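Open the model in your viewer and keep the sequence panel beside it.

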Amino acid sequence: MNKVTSQIPSIIAIDGPAASGKSTIGLRLAKTLGYLFFDTGVMYRAITWLALQRGIDIHDEAAVSALAEETQIDVAPASKPDGRACDVLVNGQDITWEVRSRSVDANVSIVAAYGGVRRALSQQQRRVGQRGNIVMVGRDIGTVVLPEADLKIYLDATAEERARRRYDEIIARGGKTDYDGILKRVIERDHIDSTRDMAPLKAAEDAVVLNSDQLNEDQVFERVLALVK
Ligand code: CDP
């Protein structure tokens with residue numbers, strides 16, 4: 001905790017595996033504190049979407065890394081009341097919902113394992129995060145992007161529970177999906193994310209680990225709020 005300037009932590013990092021509730025809890029926390037919410041996963045998703053869109057081979061590390069270096073990604077306040085937490089823009093184009101597509105889901109962890117992509121994106125994330133008054137969510141915020149964060153939380157749950165939540169979320173939005181496919185992609189993504197060489201998914205040594213298997217959203221939020229205060 002940053003005890004010199006404030007009792008409330010200024011930089012809050014929330015990490016954890018796919019669909020562990022980081023974004024829901026992080027957004028709620030940011031709104032409560034009047035902080036900026038920054039979901040770093042959308043940046044990896046944006047590069048993956050653009051690579052697929054341009055027909056770049058996802059396995060071509062050099063080409064995908066070059067794309068990450070030259071692409072302008074912007075995250076702006078939500079411009080439409082369609083359930084989005086924020087707008088995601090790539091080179092000025094709104095791709096907020098495109099980055100949630102099944103093809104992006106299936107390829108994003110391959111892209112996020114590339115050193116060149118991580119260097120390009122985490123530098124930008126660090127610059128924004130250092131300004132403080134921020135809730136930043138991802139996989140490596142507490143370990144690599146902002147190791148100096150005042151509070152680090154690692155949100156976890158079983159793959160089955162996380163897949164069930166992601167399934168409910170998509171159905172509630174009026175989408176179509178199948179639970180088994182989601183579970184398979186969640187497990188695959190977790191595997192790639194936690195075994196990659198650079199900035200693998202893991203809890204920072206000084207992170208508070210919260211398992212949400214037996215907790216609903218309000219209960220998780222209450223615990224997070226208690227940690228903040
Ligand atoms: O929302 P969900 O947990 O499904 O995923 P996300 O947070 O949008 O992240 C999508 C992917 O981006 C992850 O599976 C990671 O491969 C990658 N990612 C990362 O490597 N580092 C981050 N700080 C955030 C996301």
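Helices here are DSSP runs of H or I with at least four residues, strands are runs of E with at least two, and both are numbered from the N terminus. This is a predicted model, in which local features need pLDDT of at least 70, side-chain atom pairs count only at pLDDT 80 or more, and totals for chains, interfaces and linings use all residues. Residues are numbered from 1 along each chain as its sequence is written, and side-chain values use heavy atoms, with hydrogens and water left out.

**Stop one: A199.** Select the loop between α8 (179-195) and β8 (208-211); A199 lies there. Check its backbone: phi is near 50°, a positive value in a residue other than glycine. Most residues other than glycine have a negative phi. Is A199 buried or exposed? A199 is buried, at a relative accessible area of 11%. Buried means under 20%, exposed over 50%, and partly exposed in between, with a 1.4 Å probe and protein chains only.

**Stop two: N133.** Move to the loop between α5 (115-129) and β6 (134-138), where N133 sits. Phi of N133 is positive, near 50°, and this residue is not a glycine. N133 is partly exposed, with a relative accessible area of 43%.

**Stop three: the sheet.** Now select β3, β4 and β5. These three strands form an open antiparallel sheet in the order β3-β4-β5. Each of β3 (73-77) and β5 (93-94) has a single partner strand, so one side of each edge strand lacks a neighbour in the sheet. Two strands pair if DSSP finds at least two bridges between them. How many bridges join β3 to β4? Five do, and β4 covers residues 86-90. Finish on P77: its bridge partner in β4 is C86.
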